[in-house]
Amino acid sequence: MESDGVPERRWWKEAVVYQIYPRSFNDTDGDGVGDIPGITEKVDYLDELGVDVVWLCPVYDSPNADNGYDIRDYRSVMDEFGTLADWADLRDALHERGIRLIMDLVVNHTSDEHEWFRRSRRREGAYEDYYWWREGRDAAAVDWGSDRGPDGEAPPNAWQSFFGGPAWSYDDRREEWYLHLFDRKQPDLNWRNPRVREAVFDLMDWWLDRGIDGFRMDVINLISKPDGLPNDFDGPFNGAMTGAANGPRVHEYLAEMNERVLDRDLLTVGEMVGSPLPMEHARRYLDPDEGGLSMLFHFEHMLLDRGERVWERDEWTLSELKSVFNRWDEGLSETGWNALYLNNHDQPRMVSRFGDDGEYRRESATLLATLLHTLRGTPYVYQGEELGMTNYPFDSMDELRDVDTLNPLRQAIEGGEVASFDAVRDGVRANSRDNARTPMQWSAAEHADFTDGEPWIGVNPDYDEVNAERERADDDSVWRYYQDLIALREGHDALVYGDYDPLFPDDDEVWVYTRSLGLGDDGAGDGADDTGVRLLVALNVTGGDRDVRLPPSVASDEGALLIGNYRDRGTDDALREFAAGELRLRPWEARVYRVAE
Ligand code: TEU
């Protein structure tokens with residue numbers, strides 16, 4: 001504990017991060033694609049919302065096989081998005097308002113149009129070994145195959161790409177196969193090559209020298225592949241995920257990056273795919289003496305309701321969801337820090353997935369927000385979440401844009417596994433990444449005021465009701481609630497640093513917990529500075545009424561209601577119920593009380 005009673009104070013623990021997917025945020029030149037000047041135009045909007053950091057998804061030069069996650073040149077900006085000078089204007093506009101900027105770092109793979117890959121295909125000196133090149137296998141001798149190479153040749157191993165089909169493609173020029181865990185236009189970099197690592201550290205330095213405040217690191221736990229790329233692994237994609245995740249040298253590479261590049265005061269968040277992510281790996285990624293990242297994104301809660309294929313769904317229960325968060329809170333309580341999210345550019349909209357995007361859209365969106373901003377960790381707000389934006393009612397394949405939906409779907413239809421789009425429509429609607437990528441809804445004007453042109457992907461038809469203009473004009477909106485919640489977290493160390501103690505862990509309807517700071521085990525102030533604070537968070541995660549009987553240690557007749565998402569009631573009832581230890585929660589009601597001071 002440091003002298004002010006707070007353990008290891010850091011700016012990035014106190015921050016709220018706002019994620020921007022530039023393609024879908026705001027278009028200023030009428031080409032139907034969002035751009036960097038469009039973001040700069042909305043910097044005051046972000047400032048008013050109160051966020052502290054912007055995470056900018058890739059804006060680098062890219063042929064857009066995967067919307068910028070396939071980078072052709074790390075040191076320039078995609079034409080559609082603007083110029084490096086536009087980017088510098090955005091950085092300055094954010095910094096002037098005290099908002100930090102972190103950039104997406106995509107270095108597990110590049111585009112196949114990157115100069116490194118072009119040279120590697122030609123076996124040019126230093127670049128020869130920049131990627132995973134291998135000779136094929138005799139198709140007659142193995143039990144996997146591919147139509148992407150010469151007749152009679154099978155890929156080097158049986159791994160499947162996360163975006164469908166084999167994880168290998170054949171290059172006619174080099175006459176070898178290259179590994180791509182994602183699309184065939186996203187060849188994996190060979191991190192065993194020290195030159196590759198140096199090249200990556202150089203480009204990180206290049207951006208840091210331009211004044212950025214950190215990185216979000218794309219699939220960073222995939223960079224070390226197992227020796228010999230064997231078919232030894234179980235799990236989806238014929239073992240590709242298990243084989244490549246948390247590989248043999250990953251901690252060594254990240255320690256090297258930490259020492260070489262990250263020795264400054266940055267926010268770094270690693271995206272760690274695969275499930276489950278073993279806690280001992282997570283701690284090593286975050287340990288200041290190893291990877292030294294600030295925090296990480298795991299996928300455990302994102303996979304609860306997912307089947308293996310993009311259109312397959314599974315049932316989830318609240319107690320399962322709670323147990324994921326409880327386990328991660330505990331697992332990182334000594335070493336590390338949690339990143340809190342329920343949606344991003346790869347996931348469906350959280351209100352549609354975990355809430356109720358019909359009758360209780362406002363209530364459930366604000367309840368989920370309350371959860372994210374009162375758990376221990378750094379909350380991430382994905383663009384449009386603060387408006388309560390919902391999933392898109394996709395009706396045909398023509399409306400989809402995403403490789404991660406289209407590739408596997410087309411292959412399954414061609415292979416006869418799936419009869420037609422209609423046969424899997426509900427699953428695609430529920431799961432597709434495109435749900436997150438429909439344009440930001442600014443107003444009820446045409447195309448939700450995202451563009452004057454034709455948007456690159458359809459605007460959600462609910463934009464006349466769900467939009468920023470309307471939300472900001474309404475005192476009781478999702479947007480206003482986010483504003484209050486962000487301000488509340490800023491004012492309460494206990495919300496950032498307090499211990500998290502769940503009550504009723506097995507209850508499938510309510511999520512109730514306390515956050516305590518500066519209290520001893522006996523619940524009394526620690527005596528050092530008399531700042532003991534306990535907060536109680538009560539969430540009714542159902543569409544019906546629910547009573548909650550609080551344990552006597554928590555109820556208090558000296559409580560205060562810090563925030564709640566049913567404002568019409570006023571605080572009197574809520575305080576009376578709190579004093580009596582019996583909360584009567586309405587559908588999707590969320591309340592945060594202060595218990596002791
Ligand atoms: O995502 C990693 C990842 O596994 C996702 O591709 C996938 O979308 C998710 O499991 C749901 O299916 C990162 C990026 O966030 C994503 O946008 C990129 O497509 C991917 O890496 C490749 O760079």
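Here are some notes on the structure above, point by point.

1. Ground rules. This is a predicted model, so local features need pLDDT of at least 70 and side-chain atom pairs count only at pLDDT 80 or more, while totals for chains, interfaces and linings use all residues. Residues are numbered from 1 along each chain as its sequence is written, and side-chain values use heavy atoms, with hydrogens and water left out.

2. An open sheet of 8 strands runs in the order 13-12-11-5-2-1-15-14, with parallel pairing. Strand 13 and strand 14 (339-340) have a single partner strand each, so one side of each is left without a neighbour in the sheet. Strands here are DSSP E runs of at least two residues, helices are H or I runs of at least four, and both are numbered from the N terminus; two strands pair if DSSP finds at least two bridges between them. Inside the sheet, strand 11 (214-217) and strand 12 (267-271) are parallel and share 4 bridges, with Met 217 opposite Gly 270.

3. Strand 6 is joined to strand 10 (176-179) by 2 bridges, and Trp 133 has Tyr 178 as its bridge partner.

4. The cores. A nonpolar core here is a set of buried Ala, Val, Leu, Ile, Met, Phe, Trp, Tyr and Cys residues joined through side-chain atoms within 4.5 Å. Buried is under 20% relative accessible area, exposed is over 50%, and partly exposed is in between (1.4 Å probe, protein chains only). The largest core has 168 residues, of which Trp 87 and Met 257 touch the most other members. Helix 6 (194-209) gives the most to this core, 9 residues. A second, separate core of 14 residues includes Val 512, Leu 550, Val 554 and Leu 585.

5. Helix 9 (279-286). Met 279, His 281, Ala 282, Tyr 285 and Leu 286 are buried. They cover an arc of only 155 degrees around the axis, which puts them on the same side of helix 9; the arc is taken over the directions from the helix axis to the C-beta atoms. Their cover includes helix 8 (250-260), strand 13 (295-297) and helix 10 (318-331).

6. Gln 160. Gln 160 is in the loop between strand 8 (153-154) and strand 9, and at 27% relative accessibility it counts as partly exposed. Gln 160 and Phe 237 are 77 residues apart in sequence, yet 4.5 Å apart in space, C-alpha to C-alpha. Leaving aside neighbours within four places in sequence, Gln 160 is in contact (heavy atoms within 4.5 Å) with Gly 165, Pro 166, Ala 167, Phe 237, Asn 238 and Ala 240.
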